[in-house]
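Here's a quick briefing to read with the structure open beside you. Start with a look at the model, then work through the notes below.

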Amino acid sequence: MTLTELKYIVAVARERHFGRAAEACFVSQPTLSVAIRKLEDELGVTLFERGGTEVGVTPIGERIVAQAQKVLEESANLKEIAKQGHDPLSGALRVGVIYTIGPYLLPQLVPRLIEIAPQMPLLLQEYFTVRLLELLRQGEIDCAIMALPLPDAGLTIQPLYDEPFVVAVPKGHPLASRSRVNAEELKSETMLLLGTGHCFRDQVLEVCPELSRFSATTEGIQRTFEGSSLETIRHMVASGIGITVLPMSSIPPQPDERDLLRYIPFEDPVPDRRVVLAWRKSFPRTAAIDTLIAAIHACRLNGVAMLDPSAQAA
């Protein structure tokens with residue numbers, strides 16, 4: 001039994017497909033399949049139900065895969081502990097970030113970290129929240145910047161900042177001259193939302209219940225279009241297709257008269273999201289986490305309320 005074989009079975013359990021698992025592990029499918037069959041023979045059990053379009057995991061396979069994830073995590077921790085013995089800030093920090101935070105936080109965060117800890121470069125991965133949680137559990141990344149709510153995954157959670165939402169409309173839209181808008185007024189508009197899988201989409205539907213309540217009817221929102229990124233949606237709004245809701249950090253701090261959009265705050269209570277940093281409780285480089293948190297709190301994101309960095313992590 002090797003760590004490589006454990007990595008292979010975790011990948012197959014995640015992908016539910018031998019080909020995709022092999023690609024994720026950067027090996028050929030025959031190499032992966034032979035290694036897994038060898039491990040099954042050694043253990044004397046069948047880990048996967050083969051056949052059909054999707055690979056299933058047997059009940060005993062579920063237990064073994066879960067244990068394999070823990071072994072891989074602890075193996076990665078051995079290397080981190082060794083590094084920490086020399087310099088806890090030495091070596092790359094593997095950070096995940098969701099799509100609706102990365103483009104707006106990272107341009108400020110990366111230069112600040114270079115100033116504070118030049119010996120600790122960031123290895124960055126952008127994904128959906130669900131995928132980042134998987135990578136955290138598997139030890140593929142060290143921490144992740146996400147937004148609440150998160151499932152109870154045995155992680156340490158440190159609140160970073162609260163971020164209000166704003167409405168973006170074309171500059172010629174009837175709402176463009178308003179100083180405030182309430183969610184009820186949005187139900188008669190053509191709304192542009194991120195596609196399924198983006199947590200920001202769910203957050204908008206949750207904090208603006210009118211959008212969720214009326215989106216499936218002929219009344220309320222007239223039509224709903226989906227975009228792959230906030231920047232794509234911003235361009236669609238500028239072209240006059242509809243309106244959208246954006247996180248405040250994505251809004252330019254200084255208004256530009258040439259901008260084709262107008263940004264309107266919500267009336268109280270203003271919908272927002274809480275952005276947090278999550279990491280495994282067993283992760284040994286606490287000084288690296290503390291340094292990352294300090295760098296994030298040193299960023300000046302437009303309209304964002306940074307939370308007390310000394311607040312106790314959950």
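Strands here are DSSP runs of E, at least two residues each, numbered from the N terminus. With that in hand: R280 sits in strand β11. Keep in mind that this is a predicted model.

**R280**
- R280 comes out at 3% relative accessibility, so it counts as buried, the cut-off being under 20%.
- A polar atom of the R280 side chain lies 2.8 Å from the backbone oxygen of I141.
- Leaving aside neighbours within four places in sequence, R280 also touches residues including E73, N77, L136 and L155.

**The nonpolar cores**
- The largest nonpolar core has 44 residues, and L109 and I145 touch the most other members.
- Elements giving two or more residues to this core include β3 (93–98), α5 (102–116), β5 (143–147) and β11 (272–280).
- The top contributor is α10, with 6 residues.
- Beyond its neighbours within four places in sequence, I145 is in contact with a list of residues, among them V95, V97, L105, L109, L160, V276 and I296.
- There's also a second, separate core of 29 residues, which includes A168, L192, I233 and I243.

**Helix α2**
- Within α2 (residues 18–25), the buried residues are F18, G19, A21, A22 and C25.
- Looking down the axis of α2, these buried residues fall within an arc of 165°, so they line one face of the helix.
- What do they pack against? The buried residues of α2 pack against α1 (3–15), α3 (29–43) and β1 (48–49).

How values were computed:
Residues numbered from 1 in each chain as written. Predicted model: local features only at pLDDT ≥ 70, side-chain atom pairs only at ≥ 80, totals over all residues. Heavy atoms only, no water. Core = buried A, V, L, I, M, F, W, Y, C linked by side-chain atoms within 4.5 Å. Buried < 20%, exposed > 50% of the residue type's maximum accessible area, 1.4 Å probe, protein only. Helix = DSSP H or I, 4+ residues; strand = E, 2+ residues; numbered from the N terminus. Contact = heavy atoms within 4.5 Å. Polar contact = N/O pair within 3.5 Å; in protein donor to acceptor, adjacent residues only side chain to side chain. Arc of directions from axis to C-beta.
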